[in-house]
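Colleague: I am new to this structure and would like a close look at a single part of it, the place where the two chains meet. Please begin with a helix and its rings, then go on to the contact.

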Amino acid sequence: MIRPRNRKDLSFGIFLIVVGIGGLLAIRNLNMGSILRMGPGWMPRALCFLLLLIGAALGARSFFMGEERVTAVQARPVIFTILSVVFFALGLPLLGLPLTVFGTVLLAAFGDYETRLIEALGLAVLLAVGCALIFVEGLGMTVNLLPVGLF
Amino acid sequence: MFDVLGGFWSGLMAASQPENLLYCFAGALVGTLIGVLPGIGPVTAVALLLPITFHLQPLAALIMLAGIYYGAQYGGSTTAILARLPGENSSIVTCLDGFEMARRGRAGPALATAALASLFAGVFATFFIALFAPPLASVALMFGPAEYFSLMVLGLVAVLVLASGSLLSALGMAVLGLFLSTIGMDVNTGTPRMTMGFFELSEGLDFVAVAMGVYAIGDVMSNLETREGRAVIKGGLGRLWITMDDLRQGLPAAFRGTIIGSMLGILPGGGAMISSFASYAVEKKLSRTPEKFGTGAIQGLAGPEAANNAGAQTSFIPLLTLGIPSNAIIALMAGAMLIQGIQPGPQVMHTDPILFWGLIASMLIGNAMLVVINLPLIGVWVSLLKVPYRLFFPAVVIFSCIGAYSLTNSSFPVYILLIFGVLGYAFAKWQCEPAPLLLAFILGPLVEENLRRAMLLSRGDPSIFVTRPISASLLAVALLLLLAVILPGIRKRRDEAFREAQ
């Protein structure tokens with residue numbers, strides 16, 4: 001069996017195909033209309049077909065190209081960055097701005113291999129205070145400064 | 001002609017208002033900062049500041065964002081010259097001869113040349129825009145839906161052609177962008193499309209969250225994978241001025257670079273980076289001593305530096321006259337205009353002349369501010385060069401989160417930010433440039449609308465795009481561009497150019 005040599009293009013091609021199929025499923029109940037009177041589903045469907053076509057072309061082509069692998073995914077940066085943003089999304093309505101900023105920055109900082117704990121803590125405090133000043137006092141953002149439930 | 005002078009003058013008056021001066025300075029400062037610090041580019045900075053522009057007056061917002069763009073061209077040269085690290089994509093070429101000059105003890109003259117060449121280009125480009133934008137806008141007003149559709153196709157093709165990575169991948173990104181733009185409520189019938197029950201999606205994916213996700217968060221994740229090594233030139237900078245010899249050799253190069261940048265900037269897909277590459281190639285070709293290039297030839301510094309500034313400024317022209325963004329950062333500006341409720345297009349010049357002329361005139365002021373920021377204050381930037389990435393990337397993360405949250409005062413856009421952050425990381429792994437996706441995302445609704453109208457006009461006959469002359473010629477140019485890239489000879493040179501850049 002011929003093995004795909006260009007993994008990079010193959011995975012991107014598969015991604016596009018998945019999106020195309022997902023799109024077609026999501027719009028299956030929409031009125032398509034005709035090219036003269038386009039319904040809401042016309043353009044999305046046309047684009048999904050294009051995605052499938054391009055994805056298939058990339059996939060097919062990947063079997064014939066030179067070896068190209070995707071550079072390894074390193075867990076630490078990805079995981080900590082995701083964790084930090086999720087923490088922010090969940091935390092802000094509950095914990096108020098300064099605490100959330102503190103947690104977000106701390107988590108994000110650990111995504112870097114060269115981070116040291118003292119630096120990260122200091123940065124987190126600095127940004128927590130700074131953001132509270134800039135965004136709430138300065139720009140008037142409507143968000144709690146203190147955790148819900150206190151006071 | 002007098003129209004132009006009158007318009008420019010009123011624009012200058014508007015741009016000189018204290019509020020606008022303040023934001024111009026802020027933009028120039030942030031731009032220089034972003035340009036100096038590798039790991040964060042002007043696209044990310046503009047994306048991060050988009051939520052803030054909501055609170056500003058439209059002119060102030062655009063002046064500031066524009067200042068960031070061409071300011072980053074100034075700042076990027078500083079890192080390139082002193083640390084051989086391009087602070088910005090367009091400064092890649094500056095690393096070649098600029099760093100060599102610095103290595104031979106001529107860092108001061110190198111920095112001065114870069115700043116002065118950029119100033120020359122900036123002033124020239126401002127007047128260039130003032131002269132060429134109005135007639136172009138008048139022509140565009142005669143466009144019908146078929147012409148607009150073809151123009152947008154041309155714009156997208158141009159960005160595809162100039163995107164790094166394989167053409168097919170770039171095409172995939174563009175179609176993906178168009179597809180993502182259809183999520184939300186259909187304008188004509190009010191039916192929700194692909195909103196999956198989320199009422200927050202009824203307005204579609206928020207462009208700002210998408211842009212920040214792909215550029216800011218995605219960048220952070222990619223950058224964290226590589227460990228840094230930055231070696232700044234030791235020793236003094238020398239006098240920050242240039243000798244008569246330098247002037248004699250550098251000025252013609254700067255002039256040529258300015259022309260090249262001004263021309264290439266207008267083309268859809270054009271901008272700072274392509275201009276600087278082109279200028280370097282031209283200078284090397286024209287020089288009587290091409291072997292000197294790469295060892296500190298001043299033409300190799302003055303030309304590209306002028307070109308990247310001119311290119312950055314003139315790349316506003318398609319946006320201001322046709323309503324078509326020509327690269328990712330201009331697409332973000334279009335997003336900023338939309339946030340303010342202004343639809344970009346040829347009508348802007350007539351319905352909002354102060355905005356149009358004020359923005360153009362502000363570039364003059366901005367360039368003057370930038371020379372001051374870059375030359376006398378150079379010491380500040382040099383010390384900033386030594387700040388390690390791990391100390392400022394968390395700020396990028398938190399600003400993106402806060403910015404996303406502030407879009408609807410809820411966490412929903414933050415999740416969009418996250419999803420597109422992961423996607424942005426994936427795109428980097430797949431070596432797909434995000435610019436086609438973002439441009440297509442912005443143009444998507446217009447593309448669909450114009451296609452629909454064109455089909456209504458022609459009663460479902462697709463040949464309208466080739467029977468109407470303007471539309472046909474636009475599509476022909478698009479086809480030529482595609483062929484030019486697909487044909488082997490040019491494709492090799494294009495791949496070489498990108499490889500050299502890495």
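**From a helix to the contact**

Modeller: Helix α5 of chain B, residues 92-140, holds both B:Phe124 and B:Phe128, which sit four residues apart, about one turn of the helix. The model is a predicted one. Over all chains, the count of aromatic pairs comes to 19. In the pair B:Phe124 and B:Phe128, the ring centres are 6.4 Å apart and the planes stand at 25°, so the pair is stacked. A pair of aromatic rings is described in this way, by the distance of the centres and the angle of the planes.

Now to the contact itself. Chain A gives 66 residues to the contact and chain B gives 57. The area buried between chain B and chain A is about 5,500 Å², and carbon and sulfur atoms give 76% of that area.

The charged pairs come next. Side chains of opposite charge can pair when their charged atoms come close. The structure has 14 salt bridges over all chains, and the count between chain B and chain A is one. That salt bridge is made by B:Arg390 and A:Glu119, with 2.7 Å between the closest N and O atoms. B:Arg390 belongs to helix α17 of chain B, and A:Glu119 to helix α5 of chain A (residues 117-138), so the pair joins two chains.

Between chain B and chain A there are also nine residue pairs in polar contact, with both residues at pLDDT 80 or more. On the side of chain B that touches chain A, the elements that give two or more residues are α7 (167-181), β2 (192-193), α8 (207-223), α17 (389-408), α18 (412-429) and α19 (435-457) of chain B. The largest share of this side comes from α17(B), with 11 residues. By kind, the residues on the side of chain B that touches chain A divide into 37 nonpolar, 10 polar and 10 charged.

Last, the confidence of the predictor. The complex is given an ipTM of 0.91 and a pTM of 0.83. Chain B has a mean pLDDT of 84, with 93% of its residues at 70 or more. For chain A the mean pLDDT is 85, and 93% of its residues reach 70 or more. Among the elements of chain A, helix α2 (residues 42-62) has the highest mean pLDDT, 92, while α5(A) has the lowest, 85. A:Glu119, the partner of B:Arg390, lies in that helix α5 of chain A.

Key. Residues are numbered from 1 along each chain as its sequence is written. Chains are lettered from A and ligands numbered from 1 in the order in which they are written. Side-chain values use heavy atoms; hydrogens and water are left out. Contact means heavy atoms within 4.5 Å. Buried area is the accessible area (1.4 Å probe) that two parts lose on being put together, summed over both. A salt bridge is a side-chain nitrogen of Lys or Arg within 4 Å of a carboxyl oxygen of Asp or Glu. A polar contact is a pair of N or O atoms within 3.5 Å; within protein, one must be able to donate a hydrogen and the other to accept it, and residues adjacent in sequence count only if both atoms are side-chain atoms. Ala, Val, Leu, Ile, Met, Phe, Trp, Tyr, Cys and Pro count as nonpolar, Asp, Glu, Lys and Arg as charged, and the others, Gly among them, as polar. pLDDT is the predictor's confidence in each residue, from 0 to 100. Rings of Phe, Tyr and Trp (its six-membered ring) pair if their centres lie within 6.5 Å; planes under 30 degrees apart count as stacked, over 60 as edge-to-face and the rest as tilted.
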